[in-house]
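Dear colleague,

Please find below the structure that I am handing over to you.

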Amino acid sequence: MSRFLRIKGLVSFILVMAVIAGLLYVFAETLIKKGIETAAGWSLGAEVNVASVELDYSPLSLKVNGFQATHAKQPTQNMFSFSSASAS
């Protein structure tokens with residue numbers, strides 16, 4: 001079995017996975033915010049803005065603050081907006 005699994009390779013794999021997990025942990029809120037803005041903007045065909053996103057891990061919950069979606073034909077008007085929404 002040891003000829004199929006090298007210790008250097010295993011340590012490298014664990015190290016790379018730990019770095020990726022750490023980066024995801026640090027930048028999770030920013031990635032979620034950009035994902036919401038991009039996906040909602042693409043599906044609505046209009047500009048979507050999110051003020052902030054709060055992610056808690058224990059207990060797992062997500063809070064979106066300051067969501068605004070403009071009207072596609074009248075960009076100066078909001079189609080809908082809310083100040084806060086949460087999921088847990």
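Three strands make up an open sheet, ordered β1-β2-β3, with antiparallel pairing. Strands here are DSSP runs of E of at least two residues, helices are runs of H or I of at least four residues, and both are numbered from the N terminus. Two strands count as paired if DSSP finds at least two bridges between them. The edge strands are β1 and β3 (78-87), each of which pairs on one side only. From one strand to the next, the twist averages 5°.

Please note that this is a predicted model, in which local features need pLDDT of at least 70 and side-chain atom pairs count only at pLDDT 80 or more, while totals for chains, interfaces and linings use all residues. Residues are numbered from 1 along each chain as its sequence is written, and side-chain values use heavy atoms, with hydrogens and water left out.

Overall form

The protein chain contains one helix and three strands, and its pattern along the sequence is α-β-β-β. Its radius of gyration is 20 Å, well over the 12 Å given by the globule rule for 88 residues, so the chain is more spread out than a compact globule. That radius is taken over C-alpha atoms, and the globule rule is 2.2 Å times the number of residues to the power 0.38. Along the principal axes, the C-alpha atoms fill a box of roughly 65 × 30 × 15 Å. Of the 88 residues, 17% count as buried; buried means under 20% relative accessible area, exposed over 50%, and partly exposed in between, with a 1.4 Å probe and protein chains only.

Helix α1 (residues 7-44) lies across β1, β2 and β3 and runs at about 140° to β1. Axes are lines fitted to C-alpha atoms, for helices over the stretch in contact, and angles run from 0 to 180 degrees between N-to-C directions.

The β1-β2 hairpin

Strands β1 and β2 pair in the antiparallel sense over nine bridges, and a hairpin of two residues joins them. Proline 59 is located in the loop between β1 (48-57) and β2 (60-70). The peptide bond between serine 58 and proline 59 is cis, with omega about -10°. As background, most peptide bonds are trans.

Across the pair, serine 52 stands opposite asparagine 65 in β2, and valine 50 stands opposite phenylalanine 67 in β2. Valine 50 also touches residues including Lys33, Ile36 and Glu37, leaving out residues up to four places away in sequence; contact means heavy atoms within 4.5 Å.

Buried residues

The largest nonpolar core has seven residues: Ala40, Val48, Val50, Val53, Val64, Phe67 and Ala69. At least two residues of this core come from each of β1 and β2. A nonpolar core is a set of buried Ala, Val, Leu, Ile, Met, Phe, Trp, Tyr and Cys residues joined through side-chain atoms within 4.5 Å.

Serine 61, in strand β2, is buried, with a relative accessible area of 19%. Apart from neighbours within four places in sequence, serine 61 is in contact with Glu54, Leu55, Asp56, Ala87 and Ser88.

Yours sincerely
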